Each structure stands twice: as C-alpha cells, then as structure tokens.
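Dear colleague,

Please find below the structure I wished to pass on to you. My findings follow after it, beginning with the protein as a whole and ending with a single residue.

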Amino acid sequence: MSENTSIEPTDNGLHVLDESAFLAATSEAKGRYGRFNLAVIGNSGVGKSSLVNAVFGRDLAEVGRGLPVTRGVNYYHDDSLGIWDVEGFEIGSEVSPAAMLREHLETIAKRPVDEQISVVWYCVHATSDRLTPADIAMIRELDAAGLPVILVLTKVDWNKNPISGKYTVSKDLEQFVAWLTDPHDNDQPITIHYQRVILTSTRDRNGKGSGHGLGELVTETLALAPETDKDAFRIAQRLNLPWKRELARPIIAAAATAAATVAATPIIVADAPVLAPIQLGMMGRIAAIYDLELKTMMSAGALAQVGLQITGQALARSFLKVIPGAGNAINASVAFALTTATGEGWMRLCEQVHTGKLDPEQVANMWGAYAPAALDVIRKVAQQKIAR
Ligand SMILES: Nc1nc2c(ncn2[C@@H]2O[C@H](COP(=O)(O)OP(=O)(O)OP(=O)(O)O)[C@@H](O)[C@H]2O)c(=O)[nH]1
Ligand SMILES: [Mg+2]
C-alpha cells in the first residue's frame, strides 16, 4: 500500500511526511469507483445544463473538456462524471428524431467502456401538455438500447401555500402528470418506456432559490443506476452528503483496524508516524469520495503540512495525556481511537471543501479547528475504557 512513504526526522525532531501514500490512495480509489455517465436529452433551453449543475455542482461544458462526438451530441467529463449532452431534434429534419437518436446511441455504444451511459434524463418543459409522438418514439429507442429513463419535467413553477407550506403546481401541470401516469391516445392506453416521472426546478420563477425535486431526482437516479455504477454516482453527485459518509465510514473502520494491528506491539510516541502511511492512505481514499483533487488544489508542501499536522506527534502527545496510565506509548486501542478520530475529522473537513464552505487553500490552516473534535472522540473512547 505505502512502501514508498518516507518519513524523515527533521532538525526539530518532528517528522516530514511524504504525501505519496495520500496521492496513491486517492488515485487508486478514483480508479476503483470509476465514472458515472449520464445522458441528458432535451430541446435547447429546456434546462439541461442547469439541472446537471444543480445535481453535480459543476458545469463540465464550461470547463471545456468536452468533445463534439457527432453533430448534436457532446461528451463532457472529469474523473467521476461523464455527461452525454444530446440536443433535442428539429421538426422537419429528413431523418426521424428516433432514427437520429438510434444513430447517436450506436455511436456512443462504440465508445470505451468507461463512457457508457448508466441512466438517461429525458427532459421536457413542464408547460408541455403531452409528449409528442417523436418523444415517445425516442424514449422507445432508449428503452430498446436497455437504458433506464427518467422523464424529467423541467422549470416547474411551484406555488408555496403560505399557510400550510405545501408546494403545489398548476392545474395544467397536474393534468399533464396524470396523463403521464396513465398515458393514452384517443382513449387507447399506450405504453411509454420511462421508469419514473420527476418534477424539478433549479430555481424559482424569480431566478432565485435552490430548486425543488432535485433530491428525488438523485434518489431515483441512484435507484435506477446499474449496481456497478452506484458508487460512482454517489461520488459524482453533490446533493446527498450522507451517501458519501456511508462510503467513508468503512474506510475509516478498516484503517483503524489496520492501525490497531500495527500497534499490537505498543509504539513509542516518537515513532508515532509509523501510523502515518495508514492514516494518509485513509485520508486519500476519503478525499476521492468527496471528489477532491487536493493534489491540484494544494501545493505538495501544504499537503505534506496537513499530513504532518494530522498524523503528527502533537496530536499523539495530547491524546496520550488524557488517557491515564498510557505513558508515552500508543497501544492497539489508542491507535484505533486515534485513527478513527482522524478519519472522522478529515471526513468533515472534506465535506466543507466539497460543499464550497472551505477554500482548499485553507485546509492546512483549518485542520486545527477539526483536531480538537478528534480529541473529543478520543477522550470519549478513553472514558469508556476506564468505565469498563
Ligand atoms: N424559471 C426557471 N428557469 C430555469 C430553470 N432551469 C433553467 N432555467 C433557465 O432556462 C435557461 C436555459 O437553461 P439551460 O440549463 O441553459 O438549458 P439547456 O437545456 O442546457 O440549453 P441548451 O444547452 O441551449 O440546449 C436559462 O436561462 C436558465 O436560467 C428553472 O428551473 N426555472
Ligand atoms: Mg446546455
């Protein structure tokens, strides 16, 4: 895992950490989780980019790592997310929209495995009164290609009842939704191959607010994603933090167990950095879950500084003080508690960066604010041990 991590004592007796264990763990984890690919289909201006932005917290198109794969089809991606942006289709073009979409899907199917579509958001403006035959034919093509389709109604105009706080939509939209739930044509029931209908908005009618229906959109997208792509989706999206914690906690538990194993023979505090490779590896994996590219966001020096602060002896010394009889040696249960607390603190710090509340430049300075919380955890563990 981390044979290449070198830890060298400096003049002042502290240790300088090599951040390679951290970086290796991040890139290994990113590679393992892979990329989530979403196809977003809909007419120009229907709100596709706004939706992607609201759910994934970034506009890949703006970042500009896209390539026009074929006319009307663009692929944008970063490590964890790929977006197939498929334009709506002009009425009156020579080929039918469905035939054109089929061609697009064939083109996409020939692309590498890590670009293949997991889920489709088929976007329709909420003021439409029904799906057109072209929409229905296109959704059939998607279904025939084995793709799960969410029918996303965009730019829904919600009315909030000032007394009950309940959100309602217009009568027209209610009728459209009723039709979508039980579609028919001239009184004949018809089958349209979407799995879900979800009403969304990314802002209110004044262009403000944070949107509505987006939580349901991510929940249903996760539910429909193939099993192998679910973790990639949990990582790529930015709306649901508990999913990320669920991914991070087993990593913390595994690192804590590994640290306890190393400390089965108690470690003298001066040698505490022997736990550093384990803790840095854990931190690197957690950073991957929060989709943080700390390598590009922070200088190597700053990263090493964070590593030093977190796994360094200052913390080790201070927590040993709160454990009666520990002396200056770290035993298995202390190593376990320290690693758990470090992981929890780091997870919270990653959340802050991930949600934009903390500038990555500040990570090195801010760790101090998270370390006391780590100490609290250690104190609790110590107290439990004493009580037993
Ligand atoms: N009122 C309201 N306006 C929205 C909403 N979502 C997007 N818009 C606006 O609609 C316009 C088009 O949104 P985009 O997200 O660029 O639509 P698009 O489908 O990506 O458009 P193209 O890339 O041109 O095909 C923008 O001016 C947005 O501000 C919404 O939920 N409510
Ligand atoms: Mg767009």
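The accessible surface of the protein amounts to about 18700 Å², and carbon and sulfur atoms contribute 52% of that area. Please bear in mind that this is a predicted model. Of the 388 residues in the protein, 48% are buried. The secondary structure consists of 15 helices and 15 strands. As to the contacts between residues at least 6 apart in sequence, 71% join residues at least 24 apart.

I then turned to helix α14, which runs over residues 332-354 and has 23 residues. From its first C-alpha to its last, α14 reaches 32 Å, close to the 33 Å expected at 1.5 Å a residue. The helix is mostly covered, with 17 of its 23 residues buried.

Both ends of α14 deserve a remark. Beyond the helix comes G356, which has a positive phi, near 80°.

Finally, I examined H354, which belongs to helix α14. Its relative accessible area is 7%, so H354 counts as buried, the cut-off being under 20%. Which residues is H354 in contact with, leaving aside its neighbours within four places in sequence? They are Q237, R238, L241, K244, Y290 and L292.

With kind regards

Conventions:
Residues numbered from 1 in each chain as written. Chains lettered and ligands numbered in written order. Predicted model: local features only at pLDDT ≥ 70, side-chain atom pairs only at ≥ 80, totals over all residues. Heavy atoms only, no water. Helix = DSSP H or I, 4+ residues; strand = E, 2+ residues; numbered from the N terminus. Expected span 1.5 Å × (residues − 1). Buried < 20%, exposed > 50% of the residue type's maximum accessible area, 1.4 Å probe, protein only. Contact = heavy atoms within 4.5 Å. Areas by Shrake-Rupley, 256 points an atom, 1.4 Å probe, with all protein chains shown as cover.
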